[in-house]
Amino acid sequence: MNLKQLEAFKAIMSTGSTIGAATRMGLSQSAVSRLLSQLEEHLGFTLFLRKKGRLMATPEAEELLTEVAGLVDGMQRIQRLADEMRVGRSRKSLLKVGVPTSMTQELLPPIVAEFLKRHDDIVVELLTGAYDVIERAVLDRSVDLGFVRLPTEIADFDIEPVLQTEGVCVMPVNHPLARHACIDVQHLRNVPLVMLGRQRALRTELNQIFRAANLTPQVRVEVHSVGAACSFVAEGLGVSIVNGLLASHFLHLPIVIRPFRPALPYAFGLAFRADEARSPMVTAFAEHLKQRLNPQNA
């Protein structure tokens with residue numbers, strides 16, 4: 001058993017797949033699968049069952065996770081400290097934050113930059129992915145806090161609500177639907193769509209809306225972030241229904257945004273492990289993030 005095998009196990013538990021773990025670790029999928037097989041062989045029992053192409057953690061894997069996560073985090077901190085000592089840098093605290101991928105493109109950089117100006121003793125590490133990935137990352141201690149959609153898919157978090165918004169319709173600037181002040185689902189009959197991936201909560205809700213309207217969505221492109229959706233819309237490949245908060249940060253693209261009906265409400269919050277006290281560093285960043293995302297929280 002070695003650290004790389006444990007890191008692969010922790011990454012698979014956090015992302016839910018060998019593909020996600022490979023992306024996080026910077027390895028190939030086959031390399032991650034090989035590390036997992038080696039770990040299972042050493043332990044003498046199976047950590048994941050494969051059902052319909054998906055990995056399902058066994059009870060043994062769930063039981064191991066807490067100990068493995070603590071060990072991996074500790075070893076990574078030692079490696080990071082050794083790296084800093086080798087190049088003569090002073091030790092800095094590491095703040096790990098989980099956020100949707102689209103937040104890192106426009107919304108989050110100025111927020112983090114402002115925070116770091118006042119906290120030059122902190123290094124911020126971002127983990128990005130879908131909301132379910134972020135939730136698992138909070139649970140397995142891959143991040144100190146996560147920006148999540150409410151209600152969460154996993155229970156037992158300590159949650160601090162941040163803001164509410166609605167889904168909006170995004171389209172190219174010259175699209176025929178741009179003449180409407182508000183887009184009803186009926187406007188989307190036979191209209192090419194850029195849709196978020198089928199495993200997203202929003203996609204499930206949208207499919208329900210289309211079924212209720214007796215419409216079949218004409219999906220042309222599937223993506224996995226709001227930023228990607230807006231970029232494909234800007235290329236004229238269709239229209240999209242996405243989170244209004246994130247969409248508003250891509251107006252530098254040749255797109256327009258319209259309200260969408262029926263309404264798709266969103267609530268967002270910060271998720272923390274309920275069984276652990278927060279450090280002053282985590283608390284300070286959480287307050288800063290809440291204030292910048294929603295000044296009414298100040």
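This is a predicted model: local features need pLDDT of at least 70, side-chain atom pairs count only at pLDDT 80 or more; totals for chains, interfaces and linings use all residues.
The largest nonpolar core comprises 73 residues. Within this core, the residues with the most contacts are Leu95, Leu145, Phe147, Leu188, Phe260 and Leu293. Strand β6, which spans residues 157–172, supplies the largest share of the core, with 7 residues. Another core, of 20 residues, lies apart from the largest one and has Ile12, Ala22, Met25 and Val68 among its members.

Val138 is one of the buried residues of helix α6 (residues 131–139), together with Tyr131, Val133, Ile134, Glu135 and Ala137. Just after α6, arginine 141 adopts a positive phi of about 70°.

On the surface, Leu71, Met75 and Ile78 form a nonpolar patch, and their accessible area together is about 280 Å². Leucine 71 belongs to helix α4, which covers residues 59–86. With a relative accessible area of 44%, leucine 71 is partly exposed, because that value falls between the limits of 20% for buried and 50% for exposed residues.

The structure contains 13 salt bridges. Side chains of opposite charge can pair when their charged atoms come close. One of the bridges joins glutamate 114 to arginine 118, with an N to O distance of 3.7 Å. Both residues are part of helix α5 (residues 108–118) and are 4 residues apart, about one turn of the helix. Glutamate 114 is partly exposed, at 29% relative accessibility.

A second pair in helix α10 (residues 280–293) consists of lysine 290 and glutamate 287, which are 3 residues apart, again about one turn. Their side chains meet in a salt bridge of 3.2 Å, N to O. Lysine 290 is buried, at 12% relative accessible area, whereas glutamate 287 is partly exposed, at 41%. In an α-helix there are 3.6 residues a turn, so residues three or four places apart point the same way. Lysine 290 and glutamate 287 also take part in a network of salt bridges that links them with Asp158, Glu160 and Arg278.

A further salt bridge connects aspartate 275 with arginine 273, and its closest N and O atoms are 2.8 Å apart. Here aspartate 275 is exposed, with 56% relative accessibility, while arginine 273 is buried, with a relative accessible area of 14%.

Key: Residues are numbered from 1 along each chain as its sequence is written. Side-chain values use heavy atoms; hydrogens and water are left out. Patches are made of residues with over 30% relative accessible area and no salt bridge: like charges are joined within 9 Å, nonpolar side chains (Val, Leu, Ile, Met, Phe, Trp, Tyr) within 5 Å. Accessible areas come from the Shrake-Rupley method with a 1.4 Å probe; for residues, only the protein chains shown count as cover. A salt bridge is a side-chain nitrogen of Lys or Arg within 4 Å of a carboxyl oxygen of Asp or Glu. Helices (H or I, at least four residues) and strands (E, at least two) are DSSP runs, numbered from the N terminus. Buried means under 20% relative accessible area, exposed over 50%, partly exposed in between (1.4 Å probe, protein chains only). A nonpolar core is a set of buried Ala, Val, Leu, Ile, Met, Phe, Trp, Tyr and Cys residues joined through side-chain atoms within 4.5 Å.
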